[in-house]
Amino acid sequence: MSTADMTQATSPKRVSRPRRRFRIPSDWILSIILGLLGFLTFVPLLMLLQLSLKSEQQMADSMWLPTFPFRWVNYVKASRVMGPYMINSAVFVLGTVTISIICSIFSAFALARYPFPGREFFFIAILGLMMIPGILTLIPRFVVVVNLNLNNTYPGIWLPMAAGSQAFQIIVLRTFFASIAEEMFEAGRLDGASEGRMLRTIALPLATPILTTLIVLQINGVYSEFIWPIMVLSDPTRYPAILGVLRLGQLITQRDPGAQYAGYVIAGLPLLLLFALSSRAFIRGLTSGAIKM
Amino acid sequence: MEITREEPVAAEGRSRWAELVHNIRRYWFCYAMMSGTFILLITFAYYPAFSAFYHSFTNWDGFRQPDWVGWRNYRYIFTSTEIFGKGFRNMFILAAWQVFRSSVFPLLGAALLYRVKSEKTAYFFRLLFVLPIVVPGLVGILVWRQLYEPNVGLFNEILVGLGMQRLAWLNSPDTALFSLIFMGFPWIDGVGLLIYLAGFLAIPLEIIEAAIMDGAGTVRRFFSMELPLVVPQIRLIVILNVIGSFQDFGWQLLVTRGGPAAATTVPAWSMYKAAMNEGRYGVASAIGVVLFILIFTLTLINHAAIRTDIEYEAH
């Protein structure tokens with residue numbers, strides 16, 4: 001179900017396009033229209049960038065047009081404030097992704113390769129999660145975290161967020177593991193490899209691309225998540241970068257709105273970097289994310 | 001789907017029960033492998049879901065032993081002007097716009113991009129439209145809030161420049177909801193664009209050539225061929241966006257607090273507020289259940305849509 005749809009949605013096969021001999025509008029006109037749409041889409045970001053390079057006086061003179069010289073010092077100030085929050089974010093992302101990916105690899109491998117009693121039951125229990133929207137469980141989940149004394153702790157972020165991505169990751173990985181030819185494992189078994197060793201040396205290396213996609217997608221999700229951290233973290237010094245942004249106003253002296261905007265930009269940089277490093281996996285992840293509910 | 005040849009051995013003379021025990025012992029490591037996942041899921045997914053349903057019928061304050069109150073929370077929701085009258089109305093208006101913005105503009109963008117002949121240009125624009133996705137939602141909201149700022153905001157500067165009246169945007173009940181809707185104009189959603197583009201690229205060349213032979217122009221081809229062929233994608237994207245918009249309360253949490261005068265409130269925000277600000281966890285649970293029922297219905301429709309997708313592929 002999900003995979004058939006995913007392959008359809010995610011592999012934009014570059015079918016060779018109809019070329020010259022057909023009469024279609026030239027690239028030139030298309031580029032102008034697309035460029036205009038693209039420019040409009042980017043206006044808010046361009047505005048953010050130019051604001052982040054202004055002093056307060058420059059803003060008073062001209063709020064929405066770039067002024068010179070650029071005040072790069074805004075970035076120095078903002079990064080000093082954002083530093084600790086960035087570290088918090090890194091801890092949240094690393095913890096969540098590690099817990100989540102390890103759990104889903106094990107579960108998906110078991111579900112894909114061994115006919116243990118109750119396999120269908122467990123798989124349906126995981127599939128059924130796709131039917132439960134986050135909004136239904138948000139409040140009770142918060143109470144669970146408080147009752148477990150996990151509020152205001154790192155595991156209070158890691159564990160619930162890892163739980164939230166299990167269904168999607170397991171379904172994708174299970175399909176992949178099930179598609180590996182049994183002969184490869186048969187050969188491993190003949191060579192005396194243990195089941196754990198086969199997972200490590202046969203299944204995981206083959207799964208690297210799909211794991212990359214899942215990890216990139218999850219980093220993106222955890223990094224941008226702000227509602228759950230607002231609920232769970234009562235100590236603002238533990239906020240992730242995305243929420244640190246909200247505190248820039250108080251932390252940088254009121255007289256320096258430019259530095260505040262620079263902070264917004266800095267909060268967006270890690271994802272930009274992630275995108276630059278892995279645009280292929282990123283795009284594949286986002287389009288496959290469409291089947292996530 | 002059978003994926004392993006290592007079938008459970010049915011030993012002669014052993015009862016089914018003994019065989020089950022035998023297989024459980026043989027595959028004990030499978031349960032161990034899944035234990036991490038299921039500890040997480042029971043604690044943070046199954047139990048909370050059960051808890052939401054159960055406590056929606058109680059006067060739960062989150063922590064003390066609650067009393068059973070029957071349908072009182074639901075009656076409260078459906079008689080409250082803020083939650084039901086305004087909240088659900090706003091939610092449906094926002095969702096309706098979500099339908100529009102997730103279909104029309106990304107589809108237009110994809111249709112244009114599909115016609116670009118040069119691979120390089122196509123790649124450039126694809127990247128251009130995908131890039132805004134990496135901007136975290138919170139940053140987007142804060143930037144748009146600044147654009148809407150009544151005194152020095154970009155939009156009012158433009159309105160003044162055009163010789164028109166300033167608008168209060170988020171600060172007036174008349175324009176606040178519109179401001180939320182308008183955020184992100186011109187709404188070329190990168191994910192939608194990629195999925196529509198993939199749909200267009202999957203159209204077999206023979207069909208396109210046949211259409212061209214028959215003299216179908218570019219506009220005609222779009223409406224009678226490309227558009228019908230990406231209907232499954234449109235349905236999928238639209239439903240997922242609607243489901244997402246039902247659950248979204250980022251603007252309310254960060255900027256509007258549902259105001260002014262409940263003009264931007266949505267049920268998801270009422271739910272958050274009932275629990276986190278007012279301690280009425282029972283009411284919050286009931287709102288969660290109502291949203292769940294709405295979303296569940298849409299999910300079922302979505303699954304029907306996915307099934308048609310596969311049929312379309314199989315033909």
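**Close-up views of a predicted two-chain model**

**View 1. Ala262(B) sits in the loop between α13 and α14 of chain B.** The model shown here and in the views below is predicted. Ala262(B) has a phi near 60°, a positive value in a residue other than glycine. Within 10 Å of Ala262(B) there are 20 other C-beta atoms, and the cut-off for burial is 20 or more, so this residue is buried.

**View 2. Arg257(B) is found in the loop between α13 (250-256) and α14 (267-276) of chain B.** Its phi is near 50°, again a positive value in a residue that is not glycine. Arg257(B) has 15 C-beta neighbours inside 10 Å; because this count falls between 12 and 20, the residue is classed as partly exposed.

**View 3. Chain B meets chain A through 93 residues of chain B and 84 residues of chain A.** On the chain B side, helix α2 (residues 28-55) supplies the largest share, 17 residues. By residue class, the side of chain B that touches chain A has 68 nonpolar, 17 polar and eight charged residues.

**View 4. The largest nonpolar core holds 166 residues.** The members that touch the most other members are Phe109(A), Val245(A) and Tyr264(A) from chain A, together with Phe246(B), Ala268(B), Ile287(B) and Leu291(B) from chain B. Helix α4 (residues 73-113) of chain A gives the most to this core, 17 residues.

**View 5. Leu291(B), one of the core members with the most contacts to other members, touches residues of both chains.** Leaving aside residues up to four places away in sequence, its contacts in chain A are Ile135(A) and Leu136(A). In chain B, Leu291(B) touches Phe246(B), Pro267(B) and Ala268(B).

**View 6. Helices α4(A) and α9(A) cross at roughly 140°.** Helix α9 spans residues 195-224 of chain A, and the axes of the two helices come within 10 Å. The crossing of α4(A) past α9(A) is right-handed.

**View 7. Side by side, α4(A) and α9(A) meet through residues listed here for each helix.** From α4(A) come Ser89(A), Phe92(A), Val93(A), Thr96(A), Val97(A), Ser100(A), Ile101(A) and Phe109(A). From α9(A) come Leu199(A), Ala203(A), Leu211(A), Leu214(A), Ile215(A), Gln218(A), Ile219(A), Val222(A) and Tyr223(A). The contact comprises 13 nonpolar and four polar residues, with no charged residue. Phe109(A) of this contact is also among the core members that touch the most others.

Terms used. Residues numbered from 1 in each chain as written. Chains lettered and ligands numbered in written order. Predicted model: local features only at pLDDT ≥ 70, side-chain atom pairs only at ≥ 80, totals over all residues. Contact = placed C-beta atoms within 7 Å. Helix = DSSP H or I, 4+ residues; strand = E, 2+ residues; numbered from the N terminus. Nonpolar A, V, L, I, M, F, W, Y, C, P; charged D, E, K, R; others polar. Core = buried A, V, L, I, M, F, W, Y, C linked by C-beta atoms within 7 Å. Axes fitted to C-alpha atoms, helices over the stretch in contact; angles between N-to-C directions. Left-handed = near helix turned anticlockwise from the far one by under 90°.
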